[in-house]
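Me: Hi! Could you walk me through this structure with me? I'll just ask things as they come up.

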Amino acid sequence: MFQTTTAIIGAGFMGPVHTEGLRRLGINVAGILGVDDKESTKAAKTLGLPRAYKSFAEVMADKSVQAVHITTPNRLHFEMAQAALKAGKHVLCEKPLAMNSKESAKLVELAAKTGLIAGVNYNLRFYPLSIEAKNRVEKGLVGSVYSVTGSYVQDWLLYPTDYNWRVLAEEGGKLRAIADIGTHWLDLVQTITGLEVEAVCADLYIVHPVRQRPKGEVETFKGKVSKIKATEPVEINTDDGGSIMLRFKGGAKGSLFVSQTTAGRKNCLRYEIAGAESAMYWNSEDPNNIWLGHRNKANEVLHRDPGLLSDAARAFVSYPGGHNEGYGDTFKQCFKAFYSYIADGDMKAKPQFPTFADGHKEILLCEAILKSHQKGGWVTLK
Ligand code: NAD
């Protein structure tokens, strides 16, 4: 079905996840580029990919490749996305899109100028029950939204000995937990409700002002299972988490709590959306069920059974009810939306995948959140 050939940049946690999602859709992956020859070759071999690229320039020069997936650390996103667009390739970039809004604005402009398709991987939009939640809002089943609350919490950076490039502002950006996972939540709830955050009031925190950096890099989430021999202390100035009050355009209120130091919560995104007619609660650690709250009848739990879902959600379900779908499936479904858009060729159609404009919006939000934390008060978005 899909004619586009793609290449993967980055071979850590995300590179293989993207490769797997693409292959499940039958999309041809020409090859992969890691940080050096050794990483590229090992990744190509493990994933059974035909080519281990030797350099970024080699990927750009590969005429057989029409799209690239950027899965490198955040500081490289801008440069690589810009170069790929200039080389005439569609881009699916991991989040956050860039290190600041100056960079992300440039990317939005460049993508529009080239007419190429440019997406940012807010894949969590593609849990079918969150698409169902969006559909319920659109059908008026939730009514006017009064409040949007929730959290995104993990435990992989709980100890001062837990370390990853993300903890350094120069590698990941000035905000860490908020940008890394908080923006997933913010993107998701705005997509579901159709509401836009108008103002924020943030209180961020750092649990470990000093962390022990292993001599040698640690892949995301691998700190617990790899054997670390020697370490050195590093000062940390990025957030381990924080609380953010939210005001949406139109008057709805909200709050988000983010943490990467909550023991036992491995990767737990929760939202509760309450409206005039009903409420909805969903938890990413139980993604195949959504709770529907009612005032005048018994509450319900809707299971991800294609036979029970709207057409909109069913379009992003691959398995029957009871055959659970999870995190890996969200990548496949996000890429399906991205590559279907390329295949359809109607650039005027509203994209179902998260665009560079959505990525830029999240960076503006991050900057407002940081400003709010620094000044200790509300900040209205520009
Ligand atoms: P990681 O450290 O596990 O992997 C990064 C990879 O990039 C490594 O293989 C590294 O060697 C490689 N790399 C570094 N410099 C390079 C260069 N110049 N050229 C080619 N490769 C290079 O990190 P990760 O967790 O995979 O995160 C990568 C990106 O994905 C980040 O932007 C992160 O925010 C995002 N991410 C998204 C999700 C999601 O659910 N959407 C989850 C995790 C990470």
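Me: Let's start with β11 and β12. Which way do they run, parallel or antiparallel, and how many bridges join them?
Reply: They run antiparallel, with seven bridges between strand β11 (residues 241-248) and strand β12 (residues 253-259). Keep in mind that this is a predicted model.

Me: What stands opposite Gly241 in β12?
Reply: That's Ser259.

Me: Which sheet are those two strands in, and what is the strand order?
Reply: They belong to an open sheet of nine strands, ordered β16-β15-β14-β13-β7-β12-β11-β8-β17, and the pairing is mixed. At the edges you'll find β16 (300-303) and β17 (379-380), each of which pairs on one side only.

Me: OK, and how does β7 pair with β13?
Reply: Strand β7 (residues 145-153) and strand β13 (residues 268-275) are antiparallel and share eight bridges.

Me: What joins β13 to β14?
Reply: A hairpin, through three residues. β13 pairs with strand β14 (residues 279-283) in the antiparallel sense, over five bridges. Arg270 has Asn283 in β14 as its bridge partner.

Me: Switching topic: what about the sheet with β1 in it, what's the order there?
Reply: That is an open sheet of six strands, β3-β2-β1-β4-β5-β6, and its pairing is parallel. β3 (51-52) and β6 (118-120) are at the edges with a single partner strand each, so one side of each has no neighbour in the sheet.

Me: β3 is just 51-52. How many bridges join it to β2?
Reply: Two, and strand β2 (residues 28-33) runs parallel to β3. Ile32 has Ala52 in β3 as its bridge partner.

Me: Now the big picture. How is the chain divided into domains?
Reply: Domain 1 covers 5-123, while domain 2 is made of 125-323 + 360-375. Taken over C-alpha atoms, their centres are 24 Å apart. The contact between them takes 18 residues from domain 1 and 23 residues from domain 2.

Me: How much area do they bury between them?
Reply: About 1,700 Å², with 56% of it on carbon and sulfur atoms. On the domain 1 side, Phe13, Tyr122 and Asn123 lose the most area to domain 2, and together they account for 35% of what that side buries.

Me: How many salt bridges and polar contacts cross that interface?
Reply: There are two salt bridges across the interface of domain 1 and domain 2. Eleven residue pairs are in polar contact across that interface.

Me: Which element gives the most to the domain 1 side?
Reply: Helix α5 (residues 101-114), with four residues. By type, the residues on the side of domain 1 that touches domain 2 divide into eight nonpolar, seven polar and three charged.

Me: I'm also looking at Lys95. What does Asp180 form with it?
Reply: Those two form a salt bridge, and their closest N and O atoms are 2.9 Å apart. Lys95 is also joined to Pro96 by a cis peptide bond, with omega about -10°.

Me: And where is Pro96 found?
Reply: Pro96 is in the loop between β5 (90-93) and α5. That is the helix that gives four residues to the side of domain 1 touching domain 2.

Me: Great, thanks, that's what I was after.

Note on methods:
Residues are numbered from 1 along each chain as its sequence is written. This is a predicted model: local features need pLDDT of at least 70, side-chain atom pairs count only at pLDDT 80 or more; totals for chains, interfaces and linings use all residues. Side-chain values use heavy atoms; hydrogens and water are left out. Domain bounds come from an automatic or database domain assignment. Contact means heavy atoms within 4.5 Å. Buried area is the accessible area (1.4 Å probe) that two parts lose on being put together, summed over both. A salt bridge is a side-chain nitrogen of Lys or Arg within 4 Å of a carboxyl oxygen of Asp or Glu. A polar contact is a pair of N or O atoms within 3.5 Å; within protein, one must be able to donate a hydrogen and the other to accept it, and residues adjacent in sequence count only if both atoms are side-chain atoms. Ala, Val, Leu, Ile, Met, Phe, Trp, Tyr, Cys and Pro count as nonpolar, Asp, Glu, Lys and Arg as charged, and the others, Gly among them, as polar. Two strands pair if DSSP finds at least two bridges between them.
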